[in-house]
Amino acid sequence: MAQLWGGRFTKATDAEVFAFNASIGFDRRLWREDIEGSLAHAAMLGKQGILSGDDVAAITAGLDGIRDDIESGKLAIDESAEDIHSFVEAELTARIGDAGKRLHTGRSRNDQVALDMRLYIRKRIDETDEALLGLLKTLYRLMEDNTDTFMPGFTHLQKAQPVTLAHHLDSYFEMFRRDRGRLADCRARMNECPLGAGALAGTTYPLDRSCTASLMGFDRPTRSSMDSVSDRDYVIELLSALSLIMMHLSRFSEEIILWNSNEYRFVEIDDAYSTGSSIMPQKKNPDIAELVRGKTGRVYGALMSMLTTMKGIPLAYDKDLQEDKEVTFDAVDTALSCIRLFGGMLSAMRFNREIMEKSALGGFINATDAADYLVGRGMPFRDAHRVVGELVLYCIERGKRIDELTTEEFKEVCALFDEDIHEAVSLRSCVERRNTAGAPGSAAMRETLLEAGKYLEEQG
């Protein structure tokens, strides 16, 4: 296939150089965006009188035909083309003649590819956001169903204080809600149209850049023609947002892997989201959670790749920028599949409520409440902390939990303890008395669920 350049060259490109330079193998997925941008560019050229009405009509019909034929499978993308832009233009010219050659008037491949990437990333942000919204809805349903499912809260992977499963899941609800906010910020900042920037210095043709921006749903044209073609901040912002999403998914996956273990048995992963062992017939492995955890590094790698690529590029366009596509395509595909599969796994998962509650009774998880009891009797907290430490040691030596002690045993450690200490250190009481905003108590969780429900309703 003929290249879009070559007039000043006297010999053909070396075959290995051409293959190294070509991007059709991965930028072929931009064909929809390339046609969308070309349709808008042609319409603007016609509006400005740069192209005749006949040329615009021919170009539009030709591009519509190419789009329909690729979608139907009638037209295969030619792998011998240098890139998707040259393929579309060559196919258009073959179909409509010289009018196809006029399409590139006032345009460079530099602003063309920058446009295609923005259009593509904008669509994938919307897909990722929709997937996150679905995950948030799954979390919300689980929170509603588990406001009285008691479980241990941990610090340093040691039992710390009792919470509910709803309260624990709300932490991830907040993480993924922030992730949606970051995607929205990225989308808003990148929603400017670079078309018309030319190679780097604009063009002598009287283009209406606001027209093309409007036709493609951009808020405005980009301001600087040099920055327009050399900017990949929006790619890095997206990869950063995806890295945070994957980090949150990985943390959640790590907990599910622990909870699924024989030592915890907090959850039962559905058979549809598990696999077995080729040698050990008893095994049921949390493969989806482990793969999500593993694929997190892959998305991190894409972010580091782009940061490294961009750190030494002088203005304006350089061929290094071609490296933005493969890593970005892979990172978006990876994150999107992880969000969707994780949500499905979570939705089908069964929580072993009795085992979680039994676990919450161990590990002196009510020690802080015993200290708060003494503070309520007038003891300074630091002294109460020491006394309850002695109480825990007393329990360890006798192999008992705090709530299993008799009133006499409590008094043996500190005379301020009385009969009502048993109610004060009961699991339900320890949770229910915590009703500050964002806490696990039922009153606080009702407010949390009310706010989360309103958020989801507003989001559609």
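Student: Which residues are buried in α3?

Tutor: Keep in mind that this is a predicted model. In α3 the buried residues are Trp31, Glu33, Asp34, Ile35, Gly37, Ser38, Leu39, Ala40, His41, Ala42, Met44 and Leu45. That makes the helix mostly covered, with 12 of its 17 residues buried.

Student: Can we zoom in on one residue? Where is Ser38 found, and what does Ser38 touch?

Tutor: Ser38 is found in helix α3. Ser38 counts as buried because its relative accessible area is 1%, and the cut-off for buried is under 20%. Not counting residues up to four places away in sequence, Ser38 touches Leu63, Leu103, Arg107 and Gln112.

Student: How do I check the length of a helix like α3?

Tutor: Compare the expected span with the distance between the end C-alpha atoms. At 1.5 Å a residue, the 17 residues of α3 (residues 31–47) should span 24 Å, and the end C-alpha atoms are 24 Å apart, so the two agree. Then look just past the helix: Gly49 takes a positive phi of about 75°.

Student: How many residues has helix α12, and how far does α12 reach?

Tutor: Helix α12 (residues 287–310) has 24 residues and reaches 35 Å from first C-alpha to last, close to the 34 Å expected at 1.5 Å a residue.

Student: How should I think about which way the residues of a helix point?

Tutor: An α-helix has 3.6 residues a turn, so residues three or four places apart point the same way. Now try the buried residues of α12, among them Val292, Thr296, Val299, Ala302, Leu303 and Met306. The buried residues of α12 pack against α10 (225–230), α11 (233–259) and α13 (324–348).

Student: What about two helices lying against each other?

Tutor: Two packed helices are described by the angle between their axes and the distance between the axes. Here, α4 and α5 pack at about 115°, with their axes 10 Å apart. Their crossing is right-handed. On the α4 side the contact is made by Ala58, Ile59, Gly62, Leu63, Gly65, Ile66, Asp69 and Ile70, and on the α5 side by Phe87, Val88, Glu91, Leu92, Arg95 and Ile96.

Student: Let's do rings. How many aromatic pairs does a search of the whole structure find?

Tutor: The search finds nine aromatic pairs. To read one, check the distance between ring centres and the angle between planes. For Trp259 and Phe266 the centres are 6.1 Å apart and the planes stand at 45°, so this pair is tilted. For Tyr264 and Phe266 the centres are 5.3 Å apart and the planes stand at 85°, so that pair is edge-to-face.

Student: Is Phe266 buried or exposed?

Tutor: Phe266 counts as buried because its relative accessibility is 1%. Trp259 is buried too.

Student: Which ring does the charged end of Arg122 sit over?

Tutor: The charged end of Arg122 sits over the ring of Phe218, 4.5 Å from the ring centre. Another case is Arg177, which lies over the face of Tyr455 at 4.6 Å from the ring centre.

Methods: Residues numbered from 1 in each chain as written. Predicted model: local features only at pLDDT ≥ 70, side-chain atom pairs only at ≥ 80, totals over all residues. Heavy atoms only, no water. Helix = DSSP H or I, 4+ residues; strand = E, 2+ residues; numbered from the N terminus. Expected span 1.5 Å × (residues − 1). Buried < 20%, exposed > 50% of the residue type's maximum accessible area, 1.4 Å probe, protein only. Phe/Tyr/Trp six-rings, centres within 6.5 Å; stacked < 30°, edge-to-face > 60°. Lys NZ or Arg CZ within 6 Å of the ring centre and 35° of its normal. Axes fitted to C-alpha atoms, helices over the stretch in contact; angles between N-to-C directions. Left-handed = near helix turned anticlockwise from the far one by under 90°. Contact = heavy atoms within 4.5 Å.
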